[in-house]
Amino acid sequence: MTRPARAAALTATLAATALLASACGGGPEEAVAVDTSDWDAVLAQAEGQSVDWYMYGGDQRLNDFVNGEVADRLAALGITLNQVKITDTAEAVNKVLGEQQAGRTSGGSVDAIWVNGENFATGVQADLWACGWTADLPNARYVDLDDPAVATDFGVPVEGCEAAWQQASSALVYDSAVLDEADVESVESLLAWTAREPGRFTHPAPPDFTGSMAVRTFLYDTLGAETVTAAAEDGGLDDAVYEQARDETFDRLLAASDGFWRGGETYPVSQEEVEKLYADGEISAFLTYGPGAVSSLVADGVFPGSTRETVLSVGNISNVSFVGVPANAEDRAGAMVLADVLQDPEVQLGLYEATGIFPVVDLDTLDPALAERFAAVDAGPSVLTPAELTADALPELDSTTLARIEDDWRAQVLRGEE
């Protein structure tokens with residue numbers, strides 16, 4: 001993913017929306033209802049609609065797949081797909097919140113959003129989402145809706161307010177011509193390598209989505225897998241436990257930062273910048289949320305053929321990203337059909353083959369022949385398999401804790417802010 005960014009910048013808008021909601025009475029006409037229990041009726045209602053899907057647009061392979069395979073399938077159902085490319089999911093959420101503030105409860109300009117994490121939580125707080133429809137999608141039978149990664153989104157219960165469509169797992173990408181396996185065995189060994197070979201590792205500055213994951217990886221190493229898993233199940237970390245682990249982690253990072261790119265004095269602003277540094281040979285290791293996409297970059301000669309992936313001993317971080325439909329969307333039926341198409345196992349397979357993005361469907365629910373086609377996808381020697389990536393995967397913490405980690409990192413680690 002998943003790349004939706006933090007929603008702290010929306011606080012003022014959210015507060016204004018809440019005040020407006022309390023001040024207004026019945027308000028304008030409500031959005032046209034969609035009865036998802038009658039899917040034939042949904043398809044009939046969606047025919048002729050044009051779905052404006054707001055989503056991160058920085059992945060060209062994904063853009064091509066969306067505007068090819070996905071758009072073609074929707075066109076066959078009489079639906080036009082309009083991908084609205086954004087760099088920050090908060091842009092789309094803010095747009096819907098602004099429309100709600102203006103009293104626009106129907107005819108909204110945003111039909112669907114690729115979303116998870118803090119942006120989803122912001123929408124829940126603002127009563128932004130259409131809810132209670134995702135279990136009715138015909139292709140939802142291929143998704144394990146009881147899986148905690150699907151049933152909750154960074155600690156927030158999904159409750160039918162967004163439909164799963166991608167699975168993401170983190171990994172360390174490294175040049176095996178530069179680093180040995182012993183160098184990438186653990187966080188400790190990685191930091192020891194950066195001390196010996198300074199300037200060859202970095203990560204984006206939070207709140208970049210992947211940069212935030214990198215900082216959480218270091219924090220998870222301090223906390224330990226059992227504490228992280230228990231905190232995710234219990235809804236958050238105890239303040240004292242968090243603060244002690246934060247201080248230990250940040251002290252460790254500050255002590256090691258001289259070995260980071262540019263001596264830790266500055267950090268790239270995006271994952272794209274990090275990957276360019278790796279492609280140019282300026283760095284030799286980085287963390288990613290998109291390990292499946294590495295194979296195509298190696299095949300295209302962007303990354304060296306000696307590129308490999310691994311999971312550090314602490315484990316990696318896994319999450320699911322979703323499609324949310326605003327309650328005021330003009331073309332809600334079409335947006336829900338889009339969500340169903342994205343869960344089609346054939347579409348999920350095509351997404352995996354074209355982009356390396358891992359499927360969210362449960363392969364055990366598929367026809368054996370189709371499941372074998374998933375298993376037969378050969379990503380080459382550079383990329384770990386989904387089974388290898390999920391073997392020790394750790395859950396995401398709640399979105400409030402994520403925001404706290406990002407704020408604390410900026411205040412205590414980012415030297416450029418001092």
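Predicted model: local features only at pLDDT ≥ 70, side-chain atom pairs only at ≥ 80, totals over all residues.
**Entry 1: D408 and R246.** D408 sits in helix α17 (residues 399-412) and R246 in helix α10, so the pair ties together parts that are 162 residues apart in sequence.

**Entry 2: other salt bridges.** I searched the whole structure for salt bridges and noted 13. One that I followed up joins the side chains of D183 and R196, at 2.8 Å from N to O. This pair links distant parts of the chain, with D183 in the loop between β7 (171-175) and α7 (187-196) and R196 in helix α7, 13 residues apart.

I then turned to E69 and R73, whose side chains meet in a salt bridge of 2.7 Å, N to O. Both residues lie in helix α3 (residues 60-75), four residues apart, which is about one turn of the helix. E69 counts as partly exposed at 30% relative accessibility, and R73 counts as partly exposed at 30% as well. I also noted that E69, R73 and D344 are linked in a network of salt bridges.

**Entry 3: aromatic pairs.** My search of the whole structure for aromatic pairs gave 13. Among them is the tilted pair of F154 and F209, with 6.2 Å from centre to centre and 50° between the planes. F154 lies in the loop between β4 (152-153) and β5 (156-157), and F209 lies in helix α8 (residues 209-223), so this pair ties together parts that are 55 residues apart in sequence. F154 and F209 are buried.

F286 and F303 form an edge-to-face pair, 6.0 Å centre to centre and with 70° between the planes. I placed F286 in strand β8 (residues 285-288) and F303 in the loop between α12 (294-299) and β9 (307-310), 17 residues apart. F286 counts as buried at 1% relative accessibility, and F303 counts as buried at 3%.

**Entry 4: an aromatic cluster.** I found F201, F260, Y267 and W409 in one aromatic cluster. Y267 lies in the loop between α10 (239-256) and α11 (271-279) and is buried, with a relative accessible area of 7%. I also noted that the C-alpha atoms of Y267 and T202 are separated by 7.0 Å, although these residues are 65 residues apart along the chain.

**Entry 5: surface charge.** Finally, I looked at a surface patch of negative charge where D35, D38, D40 and D136 gather. D35 lies in the loop between α1 (11-23) and α2 (39-46) and is partly exposed, with a relative accessible area of 46%.

Notes. Residues numbered from 1 in each chain as written. Heavy atoms only, no water. Patch = residues over 30% accessible without salt bridge, like charges linked within 9 Å, V, L, I, M, F, W, Y side chains within 5 Å. Areas by Shrake-Rupley, 256 points an atom, 1.4 Å probe, with all protein chains shown as cover. Salt bridge = Lys/Arg side-chain N within 4 Å of Asp/Glu carboxyl O. Lys, Arg positive; Asp, Glu negative; His and termini not counted. Charge placed at Lys NZ, Arg CZ, Asp CG, Glu CD. Helix = DSSP H or I, 4+ residues; strand = E, 2+ residues; numbered from the N terminus. Buried < 20%, exposed > 50% of the residue type's maximum accessible area, 1.4 Å probe, protein only. Phe/Tyr/Trp six-rings, centres within 6.5 Å; stacked < 30°, edge-to-face > 60°.
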